[in-house]
Amino acid sequence: MSELDETAVLARVRAAAQTRWPGSAITGLTPLPGGVSSLTYRSTLTRPGAPDSGIVVKVAPPGLAPVRNRDVLRQSRVIALLDARPEMRMPSILFEDNGSPPLFVMTLMPGDSYEPLLDVTAEPPIPEVVARRAHTAARMLASMHSFTPEELGVDDEPVVTLAEELDRWARLFDTVDDDICSGHRELYERLAQSLPATIPERLVHGDYRLANMLFDGSKLTAVIDWEIWSVGDPRTDLAWLLMHSDPAHRFHEQRSVADETAGAAMPSADDLAAAYVGGGGDAALLDSIDWFLAYCLYKTASTVSALVKRNRRRPDPDPTLVVAGRHLADIVARGTQAMTRFENRSVTR
């Protein structure tokens, strides 16, 4: 990937802001974490007659075709569509620039992101806030699932099927040596042989969890990181959220007492499922949720395995990925357990 010319990007952002708000000004760009397929910066927008406001600039990586997860204008599109829905909590798109590389600018929303059972931070939220955030996330997902692709305006997107997704992660696993993660082929076979019946498609975030949301205290201000959104089976997002109520993967063997206390307040999968249904979600989506939990664990093992493989080749390995590698067997074992529950329930029906 080529180096981004931040000076040129800033000039483009300033020109676009001047076109929309003559007399406006943009401060410099400060890099932000978050997202893996685009570059993210914060800045400040000054407009005549208006208070200064924070903005976020998302730029496609230079030197690579802006397609799939690197297509930042595709991200901008879905954010704008969801922002138009009062039920959703989203940033507002201010303007786009289809130059090279493409970019868009949106409002900077207040809040922080934190995954209660995985992250390490100096000041994690208190337990009561963690529980409220998780319940809010479940209800927000129910709101998102209430819109059909036609109602949202994304019905022109190709539908991503479960079989296609499953094979995608299997192909990624094929690039990884067995000594990194074993047992995944058996889990794949069991998943592939019992694909659940299709249901009406919905918008799928692709990584729906608390770490991809901004909260101001316990108030949800924005769902973020839409790099891999698609139209597909809504149960994948629901299971992904439920999986993070008790994740098998780890990046830190030890966390602070405050982090552990915050994590202990994360509601159970059953509790989050009840919040989802209480928020208007379809209870029927839970009928085969164990298959989707097994699928999410398989996907997690696949992606973590690929990261561990790359990390082994680095002269200075990332210690968090060294820890993650030690827990790969736990992820596959947890997926196998979920698959067994699904198969047993299928037999008794």
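## Helix H9 and its surroundings

H9 is followed by Gly280, whose phi is positive, near 105 degrees. Helices (H or I, at least four residues) and strands (E, at least two) are DSSP runs, numbered from the N terminus. The model is predicted: local features need pLDDT of at least 70, side-chain atom pairs count only at pLDDT 80 or more, and totals for chains, interfaces and linings use all residues. Residues are numbered from 1 along each chain as its sequence is written, and side-chain values use heavy atoms, with hydrogens and water left out.

Helix H9 spans residues 269-278, and Leu272, Ala273, Ala275 and Tyr276 are buried in it. These residues lie on the same side of H9 because they cover an arc of only 160 degrees around the axis, the arc being that of the directions from the helix axis to the C-beta atoms. Asp270 and Gly278, on the other side of H9, are exposed. Here buried means under 20% relative accessible area, exposed over 50%, and partly exposed in between (1.4 Å probe, protein chains only). The buried residues of H9 pack against helix H3 (127-145) and helix H7 (235-243).

## Backbone exceptions

Most residues other than glycine have a negative phi, and most peptide bonds are trans.

| Residue | Phi | Location |
|---|---|---|
| Arg68 | about 50 degrees | loop between strand S4 (53-59) and helix H2 (72-83) |
| Asp225 | about 60 degrees | loop between strand S9 (219-223) and strand S10 (230-232) |

Arg68 has a relative accessibility of 62% and therefore counts as exposed. A cis peptide bond, with omega about -5 degrees, joins Ser100 and Pro101. Pro101 belongs to the loop between strand S5 (93-97) and strand S6 (103-107).

## Aromatic rings and charges

Rings of Phe, Tyr and Trp (its six-membered ring) pair if their centres lie within 6.5 Å; planes under 30 degrees apart count as stacked, over 60 as edge-to-face and the rest as tilted. By this rule there are five aromatic pairs. The pair of Trp291 and Tyr295 is stacked, because the ring centres are 5.9 Å apart and the planes stand at 5 degrees. Trp291 and Tyr295 are four residues apart in helix H10 (residues 289-312), so about one helical turn separates them. Trp291 is buried, at 0% relative accessible area, and Tyr295 also counts as buried, at 2% relative accessibility.

A charge sits over a ring if NZ of Lys or CZ of Arg is within 6 Å of the ring centre and within 35 degrees of the ring normal. The charged end of Arg74 is placed in this way over the ring of Trp229, 3.8 Å from its centre. Lys299 lies over the face of Trp240, at 4.6 Å from the ring centre.

## Nonpolar cores

A nonpolar core is a set of buried Ala, Val, Leu, Ile, Met, Phe, Trp, Tyr and Cys residues joined through side-chain atoms within 4.5 Å. The largest one has 80 residues, and Leu191, Trp226 and Tyr298 have the most contacts inside it. H10 provides the largest share of this core, twelve residues. Apart from this core lies another, of 18 residues, among them Val13, Leu94, Phe95 and Val105.

Note on methods: Contact means heavy atoms within 4.5 Å.
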